[in-house]
Amino acid sequence: MSAGMVGYQYVTLRCVPRVDREEFLNVGVVLYSQAADFLEGAFDLDRERLRAAFPDLELDAVDASLAAICRVCRGEPGVGLPTLDKPGQRFGWLSAPRSTVIQPGPVHGGLTKDPAQELQRLVRALVN
């Protein structure tokens, strides 16, 4: 590993309004780096694009779901949120397959010097 580099894993968050059709749009990313003690989610909800693709989608509910994912990343307590102490446990919970409107894609990995900056780069590359 190069000096100053840390490994990380990430999942792309997908908006999948109709699971039976397997159609989705990327709406966010969750990035975890154990070495950097970093777990954070970021999203960019392009309401116009989502409304064009899925006219019946409840965008406020999608926004709330993505905000809840960011709360899980931070380990915040709340109704309906898991009680998981360690960032690795929270990433495992967030990256587990599910049949909801917001779904994680496959886990990918990489190396970075700055996990927060890498998260923003991934959002620009995969969501925008």
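Two strands pair if DSSP finds at least two bridges between them. Helices (H or I, at least four residues) and strands (E, at least two) are DSSP runs, numbered from the N terminus. By that rule, β1 and strand β2 (residues 25-33) pair in the antiparallel sense over seven bridges. The model is predicted: local features need pLDDT of at least 70, side-chain atom pairs count only at pLDDT 80 or more, and totals for chains, interfaces and linings use all residues. Residues are numbered from 1 along each chain as its sequence is written, and side-chain values use heavy atoms, with hydrogens and water left out.

**Overall fold**

- The protein has four helices and five strands.
- Their order along the sequence is β-β-β-α-α-α-β-β-α.
- The radius of gyration, taken over C-alpha atoms, is compared with a globule rule of 2.2 Å times the number of residues to the power 0.38.
- A compact globule of 128 residues would have a radius near 14 Å, so the protein's 15 Å agrees.
- The C-alpha atoms fill a box of roughly 50 × 30 × 20 Å along the principal axes.
- Contact means heavy atoms within 4.5 Å.
- Of the contacts with a separation of 6 or more, 62% join residues 24 or more positions apart.

**Strand β1**

- β1 spans residues 6-15, and seven of its 10 residues are buried (under 20% relative accessible area, with exposed over 50% and partly exposed in between; 1.4 Å probe, protein chains only).
- Towards β2, the bridge partner of Thr12 is Val29.
- Strand β5 (residues 108-112) pairs with β1 in the antiparallel sense over five bridges, and Val6 stands opposite Thr112 there.
- Strand β4 (residues 102-104) runs antiparallel to β1, joined by three bridges.
- Arg14 has Gln103 in β4 as its bridge partner.

**Strands β2 and β3**

- β2 is mostly covered, with eight of its nine residues buried.
- Six bridges join β2 to strand β3 (residues 38-43), and the two run antiparallel.
- Gly28 stands opposite Phe43 in β3.
- β2 and β3 form a hairpin with four residues between them.
- Asp37 in that turn has a positive phi of about 50°.

**Surface and charge**

- Buried residues make up 38% of the 128 residues.
- The protein exposes about 7400 Å², and carbon and sulfur atoms supply 48% of that area (Shrake-Rupley method, 1.4 Å probe; for residues, only the protein chains shown count as cover).
- There are 14 positive and 16 negative side chains (Lys and Arg against Asp and Glu; His and the chain ends are not counted).
- The centres of the two sets lie 4 Å apart, with each charge placed at NZ of Lys, CZ of Arg, CG of Asp or CD of Glu.
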